[in-house]
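This briefing is written for a student who is meeting the model for the first time. Please look through the sequence and the structure, and then read the points below.

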Amino acid sequence: MGFGRGDIGNWSMSIWCFCFTVTLIIVMVELWRLPSRFPFYWYNFPVTYACYAALVCLSTSIIYSITYVQFLLYGPSRDRAITATAFSCIASVVYALDVAWVWDWYDLDDISCYVHTVPGLLKVLETFVAGVIFAFLSNTSLYLHQPALEWCVAVYSICFILAAVVLLLNLGEWEYRLPVPFPIFQLVLTTLSVLLYISALVLWPLYQFYEEFGGQPQRFSDGDCRDELTYNMCTWDQRLAVAILTAINLLAYMADLGYWACQVSVGTEDQPRDS
């Protein structure tokens, strides 16, 4: 466009380029009839990617328009940015339709598709929200000054790794190779994640927004937020975004915990009892 895009603009451009590249690779694999060379995970990979791409494009459209487009001066550059935002929204809708219609392209009666299950969708949501949190945490000034906030970052990292491991186990169809039943394995990991996220939900707002703990309760107290003509989110807004995303992910983990608790309970009731 002939001028600097700032961090938000560069981040958005990288997201769109990544989605285009991976989608092109998937199309080429399909056209060249290469899925048979990926017998363990190919049928799960395109729909899993489409789930993430739909969420990423939607979040990029929102963040790009709120923190970048509205600050551009009227003219060709603003029109191009608005057009890019509109097509990003369209892309998110198309990716969502891809997820909804994938069973029309594959015979999934004999092929299990993990992301078409409740826990699969929840794992996609959990890892995606954690990824957005990491994007905000790239500003290390948010947490390096306080051990309690560093603990929150550790919580986000640990829970993301646990969710990613579960997702990879299912995509690779290795979940039944574990030494313990998979529902119990899921229940234990999800319980741990819920407890960790509860601690983060308490500590992050406490040390970010309460003066007694060194936080900033008011947005105007943050010098970065006083400059309205900026292409970057101010520090206080980033703190608030992380707090909201922490609450959202905790709700997702609690729904996941409820699902696996029911599964384990039903499985226990179905087991024959000794007479």
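**Briefing on the predicted model**

Ser61 counts as buried because its relative accessibility is 3%; buried means under 20% relative accessible area, exposed over 50% and partly exposed in between, computed with a 1.4 Å probe on protein chains only. The model is predicted, so local features need pLDDT of at least 70 and side-chain atom pairs count only at pLDDT 80 or more, while totals for chains, interfaces and linings use all residues. Residues are numbered from 1 along each chain as its sequence is written, and side-chain values use heavy atoms, with hydrogens and water left out.

**Overall architecture**

- The protein chain has seven helices and zero strands; helices (H or I, at least four residues) and strands (E, at least two) are DSSP runs, numbered from the N terminus.
- From the N terminus on, the order of the elements is α-α-α-α-α-α-α.
- Of the 275 residues in the protein chain, 41% are buried.
- Among contacts in the protein chain with a separation of 6 or more, 73% join residues 24 or more positions apart; a contact means heavy atoms within 4.5 Å.

**Nonpolar cores**

- The largest nonpolar core holds 51 residues, and Tyr95, Ile133, Leu137, Tyr156, Tyr197 and Trp204 touch the most other members. A nonpolar core is a set of buried Ala, Val, Leu, Ile, Met, Phe, Trp, Tyr and Cys residues joined through side-chain atoms within 4.5 Å.
- At least two residues of this core come from each of α1 (6-31), α2 (45-67), α3 (76-101), α4 (118-136), α5 (147-171), α6 (182-209) and α7 (235-270).
- Apart from this core lies another one, of eight residues, including Ile8, Trp16, Tyr64 and Leu72.
- Which residues does Ile133 touch, not counting residues up to four places away in sequence? They are Tyr156, Tyr197, Val242, Leu245 and Thr246.

**Ser61 and its surroundings**

- Ser61 is part of helix α2.
- Leaving aside neighbours within four places in sequence, Ser61 is in contact with Thr85, Ser88 and Cys89.
- A polar atom of the Ser61 side chain lies 3.3 Å from the backbone nitrogen of Cys89. This falls under the term polar contact, a pair of N or O atoms within 3.5 Å; within protein, one must be able to donate a hydrogen and the other to accept it, and residues adjacent in sequence count only if both atoms are side-chain atoms.

- Gln208 belongs to helix α6 and is buried, because its relative accessible area is 1%.
- Not counting residues up to four places away in sequence, Gln208 touches Leu142, Leu149, Gly215, Gln216 and Arg239.
- A polar atom of the Gln208 side chain is 2.8 Å from the backbone oxygen of Leu142.
- The C-alpha atoms of Gln208 and Arg239 are separated by 6.8 Å, although these residues are 31 residues apart along the chain.
- Ser199 also lies in helix α6, and the side chain of Ser199 reaches the backbone oxygen of Leu196 at 2.5 Å.
- The side chains of Ser199 and Trp151 are joined by a polar contact of 3.2 Å.
- Gln238 lies in helix α7 and counts as buried, because its relative accessibility is 12%.
- The side chains of Gln238 and Asn139 make a polar contact (3.1 Å).

**Pro119 in α4**

- Pro119 is located in helix α4 and counts as buried, because its relative accessibility is 4%.
- Pro119 and Asp256 are 137 residues apart along the chain, and their C-alpha atoms are separated by 6.2 Å.

**The cavity**

- A search of the whole structure finds one cavity of 30 Å³ or more. On a 1 Å grid over the protein atoms alone, a cavity is a set of points where a 1.4 Å probe fits but cannot get out, and lining residues have an atom within 4 Å of a point.
- The largest cavity contains about 40 Å³ of space; grid points are joined across faces, edges and corners, and a volume is the space filled by probe spheres set on the points.
- The lining consists of Lys123, Leu162, Ala163, Val166, Gln186, Leu189, Thr190, Ser193 and Tyr253.
- The elements that give two or more residues to this lining are α5 and α6, and the largest share, four residues, comes from α6.
- By class, the lining of the largest cavity has five nonpolar, three polar and one charged residues. Ala, Val, Leu, Ile, Met, Phe, Trp, Tyr, Cys and Pro count as nonpolar, Asp, Glu, Lys and Arg as charged, and the others, Gly among them, as polar.

Terms used: On a 1 Å grid over the protein atoms alone, a cavity is a set of points where a 1.4 Å probe fits but cannot get out, and a pocket is an open set with protein on both sides within 12 Å along at least five of seven lines; lining residues have an atom within 4 Å of a point.
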